[in-house]
Amino acid sequence: IFAWVILMTTDAVRDIASRPSRSFHALAALGLALQSRDMSGPPDPRLRSAIDGVIDSQGWRAALDAIAPGEIPPVLAAIRSDLLIGPKFAAGSSAPAPGWTHTEDDLLQSFGEVSAGFPRLFRARFLPQMSGLSERLAMPGASFLDIGTGVAALTIAMARDWPDLRITALEPHPAALALARSNVAAADLDDRVVLHATRGEALEDVAAHDLVWIPSAFIPEPAVPEVIARAARALKPGGWIIYAVIRPGGDSAANALARFRTAFWGGSLIGPDAVADLMAAAGLTEARLTDGPAHSTIGMMVARRPAQ
């Protein structure tokens, strides 16, 4: 009986494991389909019909046909980053320690390029909910602080969307910072972007920025109160802070996966209510979880430094 139970358990686990494996390969096929619409040209003819078969079997054809060209790069980067980091979850003979310690250029670049799509979402979804910020960002002398810039993809995208915006970007990870410096130089933005090899909890700026971005998924939880306090101090009067947080409720499975990813990356799992309390303690007002895409597991907490 014991052997039969083990056999049944093994079969059950194998069946469970086969499902995400199928999803993994479907994701790869989707990536190749998107890549063919980006700058890389059509896939190898030997793969084209097989890719089309996956896309049609999953019911993805209409969405793929409707995607705008400008939306493809960040989606493709997200797919690449998942495919690149996936094998690292189970690599080695022991469980990996949480924390963002990756050094591979292709993985760092792919993760960073996901954030390049944020300004489009920010302008459409969040900026209208942040009083006066649109006008501030368009003014000469406007300043944006990117805490944990990674390879500077978000910084570069923000600089391109707001031509008068000056940006301070912090990145303590040497491998990511090296790529950030290279990317900023390649984008010809050295005169508008200042990169610092430091952490948010060591920030010393005072009343210097109109907008501050905090990507909590990459900030260790014990550091969050100090990061928020220093970010608040770095805001100009009337400036805004954006803090990414896992959205409560919704799809429980998707939320569990979001929490797993954040824990694996060594980031913060502090919820919106606790973040709002930290913002209030730092002297910020109007703290709230903004309305974003309904399907997203990530929400944006925003708060403002009082004008006076």
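**Close-up views of a predicted model**

**View 1. Helix 8 is mostly covered, with 7 of its 9 residues buried.** The buried residues of helix 8 in this predicted model are Ala-153, Leu-154, Thr-155, Ile-156, Ala-157, Met-158 and Ala-159. Buried residues account for 40% of the 308 residues in the chain. Among contacts between residues at least 6 apart in sequence, 75% join residues at least 24 apart.

**View 2. Helix 6 (residues 118-126) and helix 8 (residues 153-161) cross at roughly 55°, their axes coming within 8 Å.** Helix 6 contributes Phe-118, Pro-119, Phe-122 and Arg-123 to the contact, and helix 8 contributes Leu-154, Ala-157, Met-158 and Asp-161. By residue class, the contact of helix 6 with helix 8 divides into 6 nonpolar, no polar and 2 charged residues.

**View 3. The largest nonpolar core holds 32 residues.** Within this core, Phe-122, Met-130, Met-158, Leu-211 and Ile-242 touch the most other members. Helix 8 supplies the largest share of the core, 4 residues. When residues up to four places away in sequence are not counted, Met-158 touches Pro-119, Phe-122, Phe-144, Leu-165, Ile-167 and Leu-211. A second, separate core has 24 residues, among them Leu-170, Val-212, Ala-231 and Val-275.

**View 4. Ser-110 is found in helix 5 (residues 105-114).** The relative accessible area of Ser-110 is 6%, so this residue is buried. Leaving aside neighbours within four places in sequence, Ser-110 is in contact with Ala-77, Arg-80, Ser-81 and Leu-84.

**View 5. Gly-132 lies in the loop between helix 6 and helix 7 (133-137).** With a relative accessible area of 30%, Gly-132 is partly exposed. The C-alpha atom of Gly-132 is separated by 9.5 Å from that of Trp-240, although the two residues are 108 residues apart along the chain.

**View 6. Helix 11 (residues 252-264) has 13 residues.** From its first C-alpha to its last, helix 11 reaches 18 Å, close to the 18 Å expected at 1.5 Å a residue. The buried residues of helix 11 are Asn-255, Ala-258, Thr-262 and Phe-264. After helix 11 comes Gly-266, which has a positive phi near 80°.

**View 7. Asp-188 has a positive phi, near 60°, in a residue other than glycine.** Most residues other than glycine have a negative phi. Asp-188 is found in the loop between helix 9 (174-186) and strand 3 (193-196). The relative accessibility of Asp-188 is 64%, so this residue counts as exposed.

**View 8. Glu-286, which is not a glycine, has a positive phi of about 60°.** Glu-286 is found in strand 6 (residues 285-289). With a relative accessible area of 40%, Glu-286 is partly exposed.

How values were computed
Residues numbered from 1 in each chain as written. Predicted model: local features only at pLDDT ≥ 70, side-chain atom pairs only at ≥ 80, totals over all residues. Heavy atoms only, no water. Axes fitted to C-alpha atoms, helices over the stretch in contact; angles between N-to-C directions. Helix = DSSP H or I, 4+ residues; strand = E, 2+ residues; numbered from the N terminus. Contact = heavy atoms within 4.5 Å. Nonpolar A, V, L, I, M, F, W, Y, C, P; charged D, E, K, R; others polar. Core = buried A, V, L, I, M, F, W, Y, C linked by side-chain atoms within 4.5 Å. Buried < 20%, exposed > 50% of the residue type's maximum accessible area, 1.4 Å probe, protein only. Expected span 1.5 Å × (residues − 1).
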